[in-house]
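Dear colleague,

Please find the structure below. My notes on it follow.

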Amino acid sequence: MPQIGFLLQWVVKAMAVVLAITILNFFLIRLAPGDPAMVMAGEAGAADQQFLDRVRQDFGLDQPVVVQLWTYVKNVVTLDLGQSYRTGRPVTDMILERLPATLLLTGTAYLLALLVGPLLGALAAMRPRSIFDSLLMVVSLVFYATPIFWVGLLLILVFSVQLGWLPPFGMHSMIPVTGTAAQILDLARHLVLPAITLALFYIAVYVRLTRASMLETASLDYVKTARAKGLPEWRVASAHILRTALIPIITFAGLQAGHLVGGAIVVETVFAWPGIGRLAFDALFQRDYNLLLGVFLVSALMVVFFNMLTDLVLRIADPRIAGRA
Amino acid sequence: MAFLKRYAENRGAVAGLVILAVVVAVALAAPLLMPGDPMATRGRPLLPPGGDFPFGTDMLGRDVLAGIVHGAKVSLMIGLISTVIAVLIGVTVGAVAGFFGGQVDDLLVRVTEFFQTIPSFIFAILLVAIMTPSLASIVTAIAVVTWPPIARLARSEFMSLRRREFVEAAVLSGLSRTRIIVSEVLPNAMSPLIVMGSLMIATAILTESALSFLGLGDPNRISWGYMIGAARTVFRQAWWLSVFPGLAIALTVLAINLVGEGLNDALNPHLKGRMRIET
Amino acid sequence: MNARAVADPLVAIEKLTVRLPVDSDRAHAVDEIDLDIAPGRILCLVGESGSGKSMTAHAIMGLVPRPLICSGTIRYDGQNLVGLPADRHRAIRGRRIGMIFQEPMAALNPVMRIGRQIEEVFRFHGIPGPHDERIVGLLADMGLPEPAVLRHAFPFHLSGGQRQRVMIAMALALDPELLIADEPTTALDVTTQKQILALIKKAQAERGMGVLMITHDFGVVAEIGDEVAVMRQGRIVERGPVKQVLGSPRHEYTRTLLEAVPRLEPRGAAPDRDGAPLLSVRGVVKTYSTRAGMFAPRRTVEAVRDASFTLARGGTLGIVGESGSGKSTLARIIVRLLTADGGDVRLEGVERNLLDLASRDLAPLRRRVQMVFQDPFASLNPRRTVFEIVAQGLLAHGVPRERARDRVAELLRLVALDPASASRYPNAFSGGQRQRIGIARALALEPDVLVADEPVSALDVSIQARVLDLLAGLQKRLSLGMLFITHDLRVASQVCDHVAVMQRGRIVEMGPSADVLFNPRQDYTKLLIDSIPGRGAFATRPAAGTGH
């Protein structure tokens with residue numbers, strides 16, 4: 001059955017990619033400046049040779065490279081990403097602790113962008129060169145050009161400092177809140193600014209992409225056929241133009257999904273949001289490369305996962321892909 | 001030339017070109033406009049805009065305006081050089097894959113796909129951290145992370161051009177394959193590549209500013225992202241430390257995007273909104 | 001002829017004008033035409049590209065693209081369709097007037113199932129459901145196999161002919177009074193074309209509806225038309241009953257067009273050439289195999305199966321077939337643009353099999369076998385001057401520039417183009433002129449064999465004849481062997497002394513054209529000949545000048 005073949009193919013591909021990234025990770029660790037043993041020794045305040053040797057042994061740093069690589073790959077497969085150089089805690093634990101916060105933030109931003117962007121873009125495409133269209137194009141061009149972190153800072157300046165409507169950082173209020181409803185509300189209030197910051201850039205991208213895609217689709221022959229059948233304009237726009245125009249957007253959205261963690265690093269730093277992005281930033285400055293690379297690997301896995309999801313969605317949305325094989 | 005005329009039809013593109021020209025001029029003339037080291041203390045810290053310091057001073061008393069003027073050079077240089085390298089890599093990979101096809105293509109496509117699967121921003125951070133932050137490492141990191149999309153574009157262009165009948169005619173005329181790629185295919189593939197390249201410069205500048213914001217910029221040079229990042233702790237009181245550098249980034253990137261779109265319209269007039277009017 | 005000769009016309013067009021946007025090469029697409037469409041009759045609107053015939057059809061449906069402006073009157077059912085408010089026009093479209101287009105693949109929504117696309121017509125004109133029976137019935141009426149299953153299929157599952165049947169089904173779903181068909185068979189194979197034309201004629205007879213058929217092919221007119229109107233550059237130059245206009249055309253343009261239509265006519269056999277053939281092909285095989293993914297089964301397509309023929313010096317062999325017959329693949333294998341999977345090709349004077357030669361050994365022989373391509377717009381590099389294009393081969397073979405310049409001038413004169421054209425770019429020339437440039441380029445290296453891959457298919461009929469004459473003349477002068485690839489038997493009969501008919505990769509019949517075209521032995525050949533439109537009334541008329 002073709003479905004099984006497709007899934008199998010995907011699993012094999014995914015595994016190959018993960019393996020490649022794991023190997024890449026391994027070599028990146030070794031290229032990182034500073035002997036990890038020295039880094040840890042520095043933290044511990046002791047630097048005598050005995051200590052260094054013991055650290056090396058503990059972390060298996062005295063083995064030949066190939067053995068280390070093999071150990072590393074084995075560990076990754078069992079979800080053991082090593083220990084943080086700084087805290088000594090397992091990297092996997094540290095990441096899992098913070099992952100939900102990032103998923104909440106990026107998930108919200110992603111959905112927001114995916115809902116608002118194509119909608120606005122489609123509306124603009126239906127009235128090309130109108131005031132709405134021109135305005136939307138200018139605004140989206142502006143947001144496409146502004147750095148995400150700067151938008152975040154500006155939003156804080158306006159909505160937190162000036163207007164005082166929304167909290168400027170963190171995920172929860174300092175003063176604990178009681179009652180589930182109040183807690184959810186508190187979370188939501190903290191989520192608003194960072195999610196919007198992350199989403200704005202992508203909304204701009206989707207607006208422009210959707211508009212371009214729809215305008216291009218609108219000039220295709222089958223749209224003319226739909227009109228020749230006497231269909232009302234709204235039907236032509238929805239079932240014929242938008243439906244096919246969305247396909248390249250789905251492709252793009254899929255590609256973007258995995259890379260949202262990158263954007264999250266910056267947003268989480270600005271808003272002090274306790275997610276893995278912030279974790280990565282901290283790890284960067286504490287030279288805790290094990291942790292940093294752990295985050296890298298996890299986000300790479302997310303990319304692979306979302307790519308597969310996108311392919312699946314595309315197969316449903318565009319019957320030509322499966323059928324033409 | 002018809003090309004210039006077509007370009008000028010797009011008012012946004014003309015505005016973008018003007019802004020970009022100003023930015024480039026400022027960058028080139030930086031030592032003249034604001035002589036001295038922009039990283040040196042000039043006045044009292046955290047002065048709001050006004051008087052001697054039109055854009056104010058930061059927490060170390062550095063002149064914000066000087067920082068912006070000198071920072072232009074860094075951003076533009078990094079944006080340009082990293083894009084040129086990325087385009088060179090991407091076009092070579094894409095052209096070889098698209099033109100020769102077969103197993104070579106398969107292999108190169110997998111390599112390209114792999115690089116696209118790696119989360120780009122984190123990878124850039126890693127590369128810069130490993131190579132220790134400097135102009136060279138930032139340029140390299142950005143180039144390594146941004147070449148795949150242009151490789152894909154180059155590949156699809158070359159693949160479609162290879163089948164074009166005038167290329168087949170060149171084969172029959174006895175031209176060598178290199179000659180064909182360089183003189184028949186490449187000139188016709190240029191337009192979309194140029195457009196994408198110009199837009200990539202904008203993205204490179206944004207990436208560079210994000211890296212500098214996080215503290216991974218070249219420590220010896222002042223850059224717009226760095227200015228915003230350094231001011232994070234005091235930005236709520238000293239709004240001018242974030243606003244002006246950010247505006248500089250936004251304006252420059254906006255200008256480049258406008259120019260890129262203008263190039264697109266000028267180079268592909270047949271795509272612009274004309275229809276096939278069949279009678 | 002009086003435009004109002006039709007009493008009570010279904011559609012009465014009066015002074016219809018369609019203005020083109022400011023920077024176009026002419027002011028009007030349609031220039032003040034008067035035309036009546038009678039109910040229950042088939043009116044053919046004939047013209048070449050740029051005549052305005054398609055735009056007229058679009059104007060009736062209200063589908064003229066926005067920057068163009070319509071003025072005038074199109075009277076239908078007491079209303080003027082020009083300037084009719086959008087919702088009123090929509091009520092007419094699909095319900096009272098149906099329209100089908102040229103490219104069935106592009107004209108059907110690629111991601112929507114066939115059944116649903118037909119159902120839309122019912123749903124959005126207020127016919128209450130369920131529609132399943134109606135849809136299945138329609139598909140069956142149109143001659144589609146297994147309609148109950150087919151309605152769940154997507155357009156890409158169907159062949160070109162089947163897609164066109166679906167389009168017709170959609171247009172006829174609500175029993176319109178008028179069917180507008182805009183070049184519905186131009187993109188189809190000749191055998192499929194015959195079926196579709198028969199289908200349209202049958203549907204017209206059964207429903208008593210009027211049909212406006214846009215076409216450039218007089219054969220089609222002869223095949224199904226009742227009345228015909230000839231358009232040229234936005235104006236109607238002649239109109240009347242088909243028999244009358246085709247039999248005794250009055251306007252000069254009509255006469256030119258009719259004379260240019262290729263005819264199936266016997267051609268004197270080429271004088272016997274003794275000695276070794278110029279080109280000898282044996283057992284060429286090419287198979288494509290694709291695989292959907294790592295785990296999907298391999299699918300193979302045999303593009304060319306065991307093709308063999310010989311070509312004499314000064315002779316022309318036509319390779320005729322429909323799409324998928326493998327003729328283009330075979331042509332490209334012979335010029336080594338594609339690699340064959342097996343077979344033997346011998347060129348006079350070369351010992352080894354041409355297909356086995358490595359590129360190094362092939363290089364000096366390339367000049368002996370050259371090609372003329374089909375698409376005049378894709379076959380010339382838009383960024384090179386005519387000189388650079390024609391001299392391409394010469395310069396690559398080390399001919400000094402000055403000598404190349406002289407040679408190019410000579411070649412341009414040979415193809416009846418002004419030598420001063422050498423400094424201009426391709427976009428300054430028309431389709432027919434570009435083909436001449438392509439021919440000049442092919443002749444530059446003084447080849448022995450010229451492979452012409454559908455060299456006139458993309459040209460207007462009146463230009464076709466001239467390019468064909470040019471090719472025939474050049475062949476005689478230069479003693480070339482010519483391989484002429486075409487899908488049109490009529491064209492083959494005019495140019496070729498021998499013909500090979502290909503079907504699904506195999507040569508099914510081959511011989512002197514007089515034999516193959518007038519005494520065919522294979523069923524497929526007979527089918528091809530039978531499918532030539534207007535065969536009965538028109539295709540075998542003697543050429544002008546030999547008397548009616």
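Which residue takes a positive phi just after H1(C)? The residue is C:Gly62, with a phi of about 75°. This is a predicted model, in which local features need pLDDT of at least 70 and side-chain atom pairs count only at pLDDT 80 or more, while totals for chains, interfaces and linings use all residues. Residues are numbered from 1 along each chain as its sequence is written, and chains are lettered from A and ligands numbered from 1 in the order in which they are written.

Helices (H or I, at least four residues) and strands (E, at least two) are DSSP runs, numbered from the N terminus. Helix H1 of chain C spans residues 53-61 and is mostly covered, with 9 of its 9 residues buried (20 or more other C-beta atoms within 10 Å of a residue's own, C-beta atoms being placed from the backbone). Among them are C:Lys53, C:His58 and C:Met61.

Chain C meets chain B through 27 residues of chain C and 18 residues of chain B; residues are in contact if their C-beta atoms, placed from the backbone, lie within 7 Å. On the chain C side, H1, strand E15 (369-372) and helix H15 (392-396) each give two or more residues. H15(C) gives the most, with 3 residues. This side divides into 12 nonpolar, 10 polar and 5 charged residues (Ala, Val, Leu, Ile, Met, Phe, Trp, Tyr, Cys and Pro count as nonpolar, Asp, Glu, Lys and Arg as charged, and the others, Gly among them, as polar).

Chain B is also in contact with chain A, where 38 residues of chain A touch 31 residues of chain B. H13(A) gives the most to the chain A side, with 8 residues.

Yours sincerely

Terms used
A residue is buried if 20 or more other C-beta atoms lie within 10 Å of its own, exposed if 12 or fewer, and partly exposed in between; C-beta atoms are placed from the backbone. Two residues are in contact if their C-beta atoms, placed from the backbone, lie within 7 Å.
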